[in-house]
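The exercises below are meant to be worked through with the sequence and the 3D view open side by side. Try each task before reading its solution.

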Amino acid sequence: MTQIADIRFDAADLDTLAEVAGLLAVLATPEGKLDAGARKVNALTRKAVARAIESDAFAKAKDGDVMRLSFPAGLAADAILIVKSPAKPDQTTARRIGAQLAKAQGKDALTVLLGKTARAEDIALGLALRSYDFNTHKSGTKSGPGAITLLVDDPEATAKAAKTGMAVAEGVFFTRDLTNEPANVLTTDDFAARLAAMQDLGLVVEILEEDDLKKLGMGALLAVGQGSASPSKVVVMQWNGGGDEAPFALVGKGVVFDTGGISIKGAAGMEDMTMDMGGAGVVAGVMRTLALRKAKTNVVGLVGIVENMPSSTAYRPGDVLTSMKGDTIEVINTDAEGRLVLADVLWYAQDRFKPCGMINLATLTGAMLVALGHENAGVFSNNDDLAGAFLKAAGSEGEGAWRMPLAPAYDQLIDSNIADMKNTGGRYAGSITAGQFLQRFVKPDTPWCHLDIAGVASVKSETALAPKGATGWGVMALNRLIADKFEG
């Protein structure tokens, strides 16, 4: 797994600042005010910091932006990084400060003078999240960012406050790694093995193999994977940190590669379909975070892991499948496979665990990108309270999400003449009819949300807290939801 940057907290010794090697960062308010540490650096550099913050470039900079002064006189440091920051940054700004410092750091050691700066733990989280670099498959020497030292007034209290954030960062990194991995590495066997290894963190992990799935009647999930040489699986991860209460359930689509099957996709962009297991990756990352921070509640994560390939054994358009629920499904398009996987896993989650609520995640539809682009995931729900709680959590963590409709008129679009339903309702309202399909496998008394993360799981350009590629979207929001709603 990609390692999180080595971030340490220490007390500032102003008398040794001249000897700090690598990069030395100071904060300046938009009005140009400096704290004691920054004033010391300014004095050592013969007021170079003051001259920089009086410049037009600093005036035009946004909160969190970084100015670089290379080879400053009077210091051993290779450069001073001047960060524009309000005296009391909010959470979003604090994380942006950390992210911008991580971008400026490179491989150098970084020392950041924070003193009494509020939200130092969020600056640390921003540093950790933006320092991610998936270089597993690159040749040559591999090294992460240099050591990071945050100089604060109360190192012990700050380190304690940052501990939860580092657990979240590790969950995000785990999700990003899984989503970035190529399909010849992250096979269904390899994916399941990585999840099984989290037993060392205190999770209870079970792997249901194809024989188990046949006995359970998961005809929809098994059909998707029957064209592949890689065996289909369901992995169940339990975190039992609460009492006797029913668990909250997370369900993820884990299609390790999606060719579209017999309804094969076009060649352009098919290489991106290594990320079609992104929903399962988020579930895995959340479960890792809960275990690392010893969450005081019960959560079960279930992921359906398959590969959708065209072959002589692949399922076909026109086939009729029987789900674990017993409902039959006419296959219109074998590229609408994720909902078939989720249908059986959703039903199994309810049948076995009787959850108090349930959220599923999937890179489900291209129509979601058309509707919301890369800024927001689509949120579909049968329960206003759960949907509202999730949207609040996502907003507080800066992860874009937008509620979409479900309604009987859309549901009629997936009625079939020869089976109980079709697996696609056609071109129009494609994301909504996919949600309607999933809702047919949700019991009316189960609060449920479906998150279509097709546009946010992996992107072609950097985001506020991630380089281009897998984002880990959803780990922070779901961790926040569970902390706020189920841990009190």
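**Exercise 1.** In which strand is asparagine 360 found? Decide also whether asparagine 360 is buried or exposed, and list the residues that it touches.

*Solution.* Before starting, note that this is a predicted model, in which local features need pLDDT of at least 70 and side-chain atom pairs count only at pLDDT 80 or more, while totals for chains, interfaces and linings use all residues. Residues are numbered from 1 along each chain as its sequence is written, and side-chain values use heavy atoms, with hydrogens and water left out.

Step 1: asparagine 360 belongs to strand 13, residues 357-362, where a strand is a DSSP run of E with at least two residues, a helix is a run of H or I with at least four, and both are numbered from the N terminus.

Step 2: with a relative accessible area of 0%, asparagine 360 is buried (buried means under 20%, exposed over 50%, partly exposed in between, with a 1.4 Å probe and protein chains only).

Step 3: leaving aside residues up to four places away in sequence, asparagine 360 touches Val251, Leu342, Leu346, Leu438, Trp448, Cys449, His450 and Leu451 (contact means heavy atoms within 4.5 Å).

**Exercise 2.** Locate phenylalanine 71 and describe its phi angle and its exposure.

*Solution.* Step 1: phenylalanine 71 sits in the loop between strand 3 (66-70) and strand 4 (79-84).

Step 2: its phi is near 45°, a positive value in a residue other than glycine.

Step 3: phenylalanine 71 is exposed, since its relative accessible area is 70%.

**Exercise 3.** Find lysine 294 and state the value near which its phi lies.

*Solution.* Step 1: look in the loop between helix 10 and strand 10 (298-308), which is where lysine 294 is placed.

Step 2: the phi of lysine 294 is near 55°, again a positive value in a residue other than glycine.

**Exercise 4.** Which residue classes make up the lining of the second largest pocket, and which helix gives the most to it?

*Solution.* Step 1: the lining of the second largest pocket has nine nonpolar, 12 polar and seven charged residues (Ala, Val, Leu, Ile, Met, Phe, Trp, Tyr, Cys and Pro count as nonpolar, Asp, Glu, Lys and Arg as charged, and the others, Gly among them, as polar).

Step 2: helix 4 (91-105), helix 6 (155-180) and helix 13 (384-396) each supply at least two lining residues, and helix 4 gives the most, with four.

Step 3: a pocket is an open set of points on a 1 Å grid over the protein atoms alone, with protein on both sides within 12 Å along at least five of seven lines, and lining residues have an atom within 4 Å of a point.
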